Amino acid sequence: PAGKLAVSVALSDPARVGNFVKPGNFLTIFATHAAATSASGAGGDGEEDGDAATPQAQAAQATSVLLDNLQVIAMGDAVLTQTQPVAPAEGQEAAPATPGFLVTLAVTPEQAAELVHGVNNYQLYAGLRGAEVKVNPNLMTNDAKIFQAQS
């Protein structure tokens with residue numbers, strides 16, 4: 001579309017909502033990233049600094065909304081460039097390669113920079129938007145937030 005850039009993102013089948021996404025749909029892109037380690041970051045709620053609630057014990061990763069309401073302009077089944085394999089952690093086996101699938105999105109130049117940064121630095125996951133869904137752009141979660149009710 002006029003005033004937009006086309007940026008392609010390689011996503012695995014689950015991360016691209018299976019084969020439900022079609023050109024013309026709108027997506028929300030989530031990014032899983034390293035979480036802040038202080039109580040003021042990573043969703044810390046300022047509760048007591050007891051044993052398990054110390055900043056060092058908070059979740060190592062968080063998932064946030066990276067970009068919302070992005071129009072899908074094309075879908076493809078081949079990744080144009082080979083992605084670099086992630087080295088397994090010491091003592092772990094390499095994960096089997098997950099086939100990538102290209103999703104091309106219409107984005108503003110500012111969104112393009114954020115999306116390219118996300119592609120190169122974070123694990124991305126797409127959510128297919130319903131007609132009237134409202135997504136909080138500040139939505140974020142991590143292990144501490146998900147499991148805080150259980151402690």
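A polar contact here is a pair of N or O atoms within 3.5 Å; within protein, one must be able to donate a hydrogen and the other to accept it, and residues adjacent in sequence count only if both atoms are side-chain atoms. One such case: the side chain of Asn142 reaches the backbone nitrogen of Lys145 at 2.8 Å. This is a predicted model, where local features need pLDDT of at least 70 and side-chain atom pairs count only at pLDDT 80 or more, while totals for chains, interfaces and linings use all residues. Residues are numbered from 1 along each chain as its sequence is written, and side-chain values use heavy atoms, with hydrogens and water left out.

**Helix H1**
- H1 runs over residues 109–121, so to speak 13 residues reaching 18 Å from first C-alpha to last, close to the 18 Å expected at 1.5 Å a residue (the expected span is 1.5 Å times one less than the number of residues).
- Helices (H or I, at least four residues) and strands (E, at least two) are DSSP runs, numbered from the N terminus.
- Gln111, Ala112, Leu115 and Gly118 of H1 are buried (under 20% relative accessible area; exposed is over 50%, partly exposed in between, with a 1.4 Å probe and protein chains only).
- These four cover an arc of only 130 degrees around the axis, which puts them on the same side of H1 (the arc is that of the directions from the helix axis to the C-beta atoms).
- Glu110, Ala113 and Asn120 are exposed on the other side of H1.
- The cover over the buried residues of H1 includes strands S1 (5–11), S2 (26–34), S3 (61–76), S4 (101–107) and S5 (123–128).

**Nonpolar core**
- The largest nonpolar core has 20 residues, and Leu27, Ile29, Leu105, Leu115 and Leu124 have the most contacts inside it (a core is a set of buried Ala, Val, Leu, Ile, Met, Phe, Trp, Tyr and Cys residues joined through side-chain atoms within 4.5 Å).
- Leaving aside residues up to four places away in sequence, Leu105 touches a list of residues including Val7, Leu27, Ile29, Leu70 and Leu115 (contact means heavy atoms within 4.5 Å).

- Arg129 lies in the loop between S5 and strand S6 (140–142) and Asp68 in S3, so the pair ties together parts 61 residues apart in sequence.
- Arg129 is buried at 19% relative accessible area, whereas Asp68 is partly exposed at 24%.
- Back to Asn142: it sits in S6 and is buried, at 3% relative accessibility.
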